[in-house]
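Have the viewer open while you read.

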Amino acid sequence: MKTSIPQLTKLSAWQALEAHFQKVKDLQLRKLFMDDPKRGESMTAEAIGIYFDYSKHRITNETIRLLLQLAEESGLRSRINAMFRGEKINVTENRAVLHVALRAPKGESILSDGEDVVLQVHAVLDKMAKFSLQVRDSGWKGHTGKPIKNIINIGIGGSDLGPVMAYEALRHYSQRELTFRFVSNIDGTDFAEATMDLDAEETLFIISSKTFTTLETMTNAHTARDWLLKTLKNPAAVAKHFVAVSTNSGEVAKFGIDTANMFEFWDWVGGRYSMDSAIGLSTMIAIGPENFRAMLDGFHQMDEHFRTAQFERNLPVLMGLLSLWYNNFFGVQTMAVLPYEQYLKRFPAYLQQLTMESNGKHVKLDGTKVDYQTGPIYWGEPGTNGQHSFYQMIHQGTKLIPCDFIGFVQPLNSLGRHHDLLLANMFAQAEALAFGKTSQEVLAECTPEWLLPHKTFEGNRPSSTILLERLTPEALGKLIALYEHSVFTQGVIWEIDSFDQWGVELGKALAERIIPELETGADLQLKHDSSTNNLIRRYKRSRELLNG
């Protein structure tokens, strides 16, 4: 299916931005703040409990005006409406994109192919809640009658990154009598370490795979079944120690899982947008149904803000436009996400999939090749750890790396001065990046002149600061949806499909071909390139020598 869309670089706003960039590219943040003493107050936006300071960006009011014009000319508003109406905006897979339905309240109606999907969502949520309470209250017993104490989520991609990020982010609210582990890697070490100290009689596995055929997930699932039966012996035990998050009831039953304990989700939910679906079952068990629903409410609040707010005050739109400004005009290739909150330690890794799997595309919706840069690389670590690691490059390196600083006014664990010191560092880093340190300021510290080049900071390094009151389930939902919709904003303007991921398929297909070549003892006639053929032979020879 091809979609008729305007050519981005021919839009009047794009061409105006190109001309504008030549005028402002060398502007200094020091001067911008000096010329406008109220810049730090005016270049902010606030909505649904999130304060967004974008004043430390290399922009003027004219930059924002032109970026907003670009959003309008790109048809962003109509694309937002199309998504919320359930239209099949994932054109390469002919699917609706309705992760927003996963957090729609009861009573709302969102149609997909004539069906009200909100009703389906809440039926699954109610089933999840019932099961979660059984596990949390020790009502769900294992095969030998012992209550479940350990929950292991087995998935990969969005079926792992979402649950593990959410568990770490909301660990403060989790039921501490329960142990949670997450297995994704096909590397056997991942499974071995996750189960090494656990009692099979007290362990529940959640197998998260839409098709129940994903190679990594099902390899780990079969290993989990073998591990369980090594202790419990009876195949009937599988039904008490395994549940499934899937749509393939046939494969689920064949595995030995009672399909009554299968939690459904739908093809209009992309994996990286699925953590608030049944994929979040481990999250709900950890924090309880009430907290899970609070998280969904946070998502929904941001959805409604994104859907209804004017673009000039629309947080995801502003974030997306700023990212596009650096990516397409400054030639920036990476963005750093720096949460000053230890519980968000897995948030940058989660965003890597959300942003790069969504917008790492080289063709437009109509199948033609883009002639501009699309998705930048996202990465990061929590503060203050990163300050003693990669911040050196951000401050004094040759690469321009815009940063998102994320902080919370209230700590979840109040220990003496810790939180004030944490936030002081966050504010200081943003200030240092923006304004740097001049040679005159360095000399004033009685620094030897020969050290001047080394101790001078040129500054003019852009950043946003995102401030929330407290890391709650609701706040986490808002924060995730903020980035989801920012990604969508960029994808619309770049004219790409942010909801498919064909790029992951080729490696999978080639791996399926190589697996039997590694597992057979015969020296097959290999038909790869000379490097791959040689590596396969080298691996097999070395393995044979090591195994005697």
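Let's start with helix H17 (residues 418-435), which lies across S12 and strand S13 (463-468) and runs at about 155° to S12. Helices (H or I, at least four residues) and strands (E, at least two) are DSSP runs, numbered from the N terminus. "Lies across" here rests on contact, meaning heavy atoms within 4.5 Å. Axes are lines fitted to C-alpha atoms, for helices over the stretch in contact, and angles run from 0 to 180 degrees between N-to-C directions.

This is a predicted model, where local features need pLDDT of at least 70 and side-chain atom pairs count only at pLDDT 80 or more, while totals for chains, interfaces and linings use all residues. Residues are numbered from 1 along each chain as its sequence is written, and side-chain values use heavy atoms, with hydrogens and water left out.

## The mixed sheet

S12 and S13 belong to an open sheet of 6 strands, ordered S1-S2-S13-S12-S10-S11, with mixed pairing. Two strands count as paired if DSSP finds at least two bridges between them. At the edges sit strand S1 (44-47) and strand S11 (377-379), each pairing on one side only. From one strand to the next, the twist averages 15°.

Strand S10 (residues 334-339) pairs with S11 in the parallel sense over 3 bridges. On that side, Thr334 has Ile377 as its bridge partner, and Met335 has Tyr378. S10 is also joined to S12 by 4 bridges, again running parallel, and there Val337 is partnered by Asp404.

How many residues of S10 are buried? The count is 6 of the 6, so the strand is largely enclosed by the rest of the structure. Buried means under 20% relative accessible area, exposed over 50%, and partly exposed in between (1.4 Å probe, protein chains only). In a regular strand the side chains alternate between the two faces of the sheet. In S10, Thr334, Ala336 and Leu338 are buried on one side, and Met335, Val337 and Pro339 are buried on the other.

Helix H15 (residues 347-359) lies across S10, S11 and strand S12 (403-408), at about 165° to S11. Together, S10, H15 and S11 make a right-handed β-α-β unit. Right-handed means that, with the strands pointing away from the viewer, the path from the first strand over the helix to the second runs clockwise.

Strand S5 (residues 150-154) and S6 run parallel, joined by 5 bridges, with Asn153 opposite Phe182. Both of those residues turn up around Ser282: leaving aside neighbours within four places in sequence, Ser282 is in contact with Asn153, Pro163, Phe180, Phe182 and Ile206. Ser282 lies in helix H12 (residues 281-287) and is buried, at 2% relative accessible area.

The largest pocket has a volume of about 1000 Å³. Of its 40 lining residues, Thr214, Gln501, Val504, Glu505 and Lys508 are the closest to its centre. H21 gives the most to the lining, with 5 residues. The grid has 1 Å spacing over the protein atoms alone: a cavity is a set of points where a 1.4 Å probe fits but cannot get out, a pocket is an open set with protein on both sides within 12 Å along at least five of seven lines, and lining residues have an atom within 4 Å of a point. Grid points are joined across faces, edges and corners, and a volume is the space filled by probe spheres set on the points.

The peptide bond from Gly383 to Thr384 is cis, with omega near 10°. Asn460, though not a glycine, has a positive phi of about 60° and is buried, at 5% relative accessible area.
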